[in-house]
Amino acid sequence: MFKVKFADIGEGLTEGKVAEVLVKLGQEIKEGDALFFVETDKVNSEIPAPVGGKIAKVLISEGQEIKVGDVVIEIDDGSATVEAAPAAEEENASVVGSTPVSNDLIPSRGPAPTQNVAAQPTPTPVATKHTDIEESFDVIVVGAGIGGYVSAIKTAQLGLKTLIIEKQYYGGVCLNVGCIPTKSLLRTAKVFEDIVHKAANLGIDMKTKDEPSINWNKALERKDGVVNKLTGGVKVLLTKNGVKQIIGEASALDKNTISVNGKKYHCDNLIIASGSVPNELPLPGFAEGRESGFLIDSTKILSLPKIPKTLTVIGGGVIGIEFGCLFAALGTKVTVIEGAPKILPMLDQDVTALMTKTLKEKYKIEIFTNAKVKEVKGKSVVFEIDGKEQTVKSDYCLESIGRKTVTKGFDGIGLELSERKSIIANDYGETNLEGVYAIGDVTSKIMLAHVASHAGIVTANRIALKANKPEAHDIKMDYSKIPSCIYSHPEIAMIGKTEQQLKEEGIEYKTFKFPFAAIGKALADDDTTGFVKIICEPKYKTLLGAHIIGNRATDMISEFTTLIECEGTITELARAIHPHPTMSEAIGEAAEALESGKSLNL
Ligand SMILES: Cc1cc2nc3c(=O)[nH]c(=O)nc-3n(C[C@H](O)[C@H](O)[C@H](O)COP(=O)(O)OP(=O)(O)OC[C@H]3O[C@@H](n4cnc5c(N)ncnc54)[C@H](O)[C@@H]3O)c2cc1C
């Protein structure tokens, strides 16, 4: 008998809600058949059977909350009782789409990662006394991504002797192959789109009859120029602040001894900021697809030799949708394949609905949901919806199914890792090892650049405080106050909870949605798509959630972040004077409607 346990399905999730049970008692199933559908606050995912056999017990029902490690289904596979399914072929399997997931039971791992707990005693190994130490530092930071370089600058500014070690590129993923290059290319796409679709309406006539066209090489060159400027700036800042830098791959011999380029360095404190890399699906034909260049990841897509005519995107999450939008605006026929019942499932449903409509109607993007990807055959992706096999052929396929942490070089020092191989750290970045800290993507909490950089500041202060540095502050991470942005067209930004989460949690709320169509600046800009939706607690009017879709959404969300940080209420938001004409007037309008019960301009 095989006892299937609910596994860690990524993003640091520990529980979920059963949306649908897909098997019945006595049913014969094959390995990989879907057992049930689970919803979490971040993703929805279909959970496949780890073995084939007959369903002997169904221990879950629709709507039931389940925790990682709960036995959910028993499958009679003819074997003796087994406690948990074997680990998936791929470590850190992701959650988006129908990605197979690790079915291992997460071992009991002490305090939850976000709790503020004192560091646990070091189990292994005991630090050895090294005699051949090149130099000693108060702090060594591994990884010069946005988490690492910000923490290194801060520790140096707080008076700690700091070394940073980077193996590949200053600025890490964000500056080199993430936030910045994508936004540079999205800007090209937006200007192109405006010329094609908006110029005439704005009274701009083209002098020639030629259609505008994209000079892709020039766009890539501009993108590279922006990247180089920023990454060069990181090096300058580190140097200016007195941070010693070494280029090379670091590994920890013990928690106080770091080896790089054949030399050893001592540190009193180690900050691991080694980040993440794209996940890969372990499905038939995928290895060959990657080798042939058909299957590409979020890094490779940033330097395609030309704009593809057709592109398939596996995974309708943030990265998949940003790239889908980008290429669709440049004229590519884009198809998105998503395993969950909708794309961008973590967003408020009003936002997802408008985004889905825009992608389909404006960008002509074909979206398949509830789709289970099966294999890659040549230049085609084979997937199944409701048991029916379908195929989509394209020039390229973007595999955008989440990211996995990089912990190589730190395996042997006794660090406590989650089942996804994320380093477990509390709200100060402290791990189970005294003096060892982890920040950013490698902790898998929320994989965003501003989370990594803020965690860097928090951890630097923590270390400096322990070292009695007078300028250090006692600050910590609060993962409930993190804004998230999507740079699609229209843009999306959110903070706090969605209306659906509040309903599920039985929390009382009031909400108001103010459309940009009623905002003068939106009309003047000829860009009226979207709205500001505010959700607040009815009695004290504290903010529970803010959701914006539309032009400049990503800039506007900061007003809400500041409101939460200052413990302000909707009353203050309504009283704050919003300049006219701006898109932010929609925030004032929605707040006023919640405050007084009436809208002034609707
Ligand atoms: C396509 C894409 C778009 C994105 N867009 C956004 C966005 O718009 N907004 C946003 O907030 N986030 C975005 N992100 C996420 C963001 O890039 C990451 O959250 C952020 O880069 C994490 O920073 P980090 O410092 O934790 O890790 P990383 O940026 O991954 O940096 C880790 C660094 O450590 C180095 N390293 C690893 N191991 C070692 C070792 N042993 N020795 C030496 N060096 C080592 C690596 O080379 C790397 O430079 C995007 C990501 C992608 C892929």
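This is a predicted model: local features need pLDDT of at least 70, side-chain atom pairs count only at pLDDT 80 or more; totals for chains, interfaces and linings use all residues.
Local features need pLDDT of at least 70 and side-chain atom pairs count only at pLDDT 80 or more, while totals for chains, interfaces and linings use all residues. Residues are numbered from 1 along each chain as its sequence is written, and side-chain values use heavy atoms, with hydrogens and water left out.

**Ligand site**

- The ligand is surrounded by 39 residues, and the closest are E166, V173, K183, D441 and A449; a residue is near the ligand if one of its heavy atoms lies within 4 Å of it.
- By class, the shell has 18 nonpolar, 14 polar and seven charged residues. Ala, Val, Leu, Ile, Met, Phe, Trp, Tyr, Cys and Pro count as nonpolar, Asp, Glu, Lys and Arg as charged, and the others, Gly among them, as polar.
- Residues of the shell come from both domain 2 (133-277 + 403-480) and domain 3 (286-401), so the ligand lies between them; the domain bounds come from an automatic or database domain assignment.
- Elements that each supply at least two shell residues include helix 1 (146-157), strand 10 (162-166), helix 3 (179-197) and helix 8 (449-466). Helix 2 gives the most, with four residues. Helices (H or I, at least four residues) and strands (E, at least two) are DSSP runs, numbered from the N terminus.
- A polar side-chain atom of E166 lies 2.7 Å from a ligand oxygen atom, a backbone N or O atom of A449 lies 2.8 Å from an oxygen atom of the ligand, and a backbone N or O atom of K167 lies 3.1 Å from a ligand nitrogen atom.
- Taken alone the ligand exposes 1,000 Å², and the protein buries 96% of that; accessible areas come from the Shrake-Rupley method with a 1.4 Å probe, and for residues only the protein chains shown count as cover.

- S422 sits in the loop between strand 24 (403-405) and strand 25 (436-438). S422 is buried, at 5% relative accessible area; buried means under 20%, exposed over 50%, and partly exposed in between (1.4 Å probe, protein chains only).
- Leaving aside neighbours within four places in sequence, S422 is in contact with residues including T405, E416 and V442; contact means heavy atoms within 4.5 Å.
- E249, in the loop between strand 11 (244-247) and strand 12 (251-254), is partly exposed at 40%.
- The side chain of E249 makes a polar contact with the side chain of K408 (3.2 Å). A polar contact is a pair of N or O atoms within 3.5 Å; within protein, one must be able to donate a hydrogen and the other to accept it, and residues adjacent in sequence count only if both atoms are side-chain atoms.
- E249 and G409 are 160 residues apart in sequence and 8.4 Å apart in space, C-alpha to C-alpha.

- H489 lies in the loop between strand 26 (484-486) and strand 27 (492-496) and is buried at 8% relative accessible area.
- The side chains of H489 and E193 are joined by a polar contact of 3.4 Å.
- H489 and P490 are joined by a cis peptide bond with omega about 5°.
- A cis peptide bond also joins H580 and P581, with omega about -10°; P581 is in the loop between helix 12 (570-575) and helix 13 (585-596).

**Positive phi**

- K364 has a phi near 55° and is exposed at 55% relative accessibility.
- K541 has a phi near 60° and is buried at 17% relative accessibility.
- Most residues other than glycine have a negative phi, and most peptide bonds are trans.
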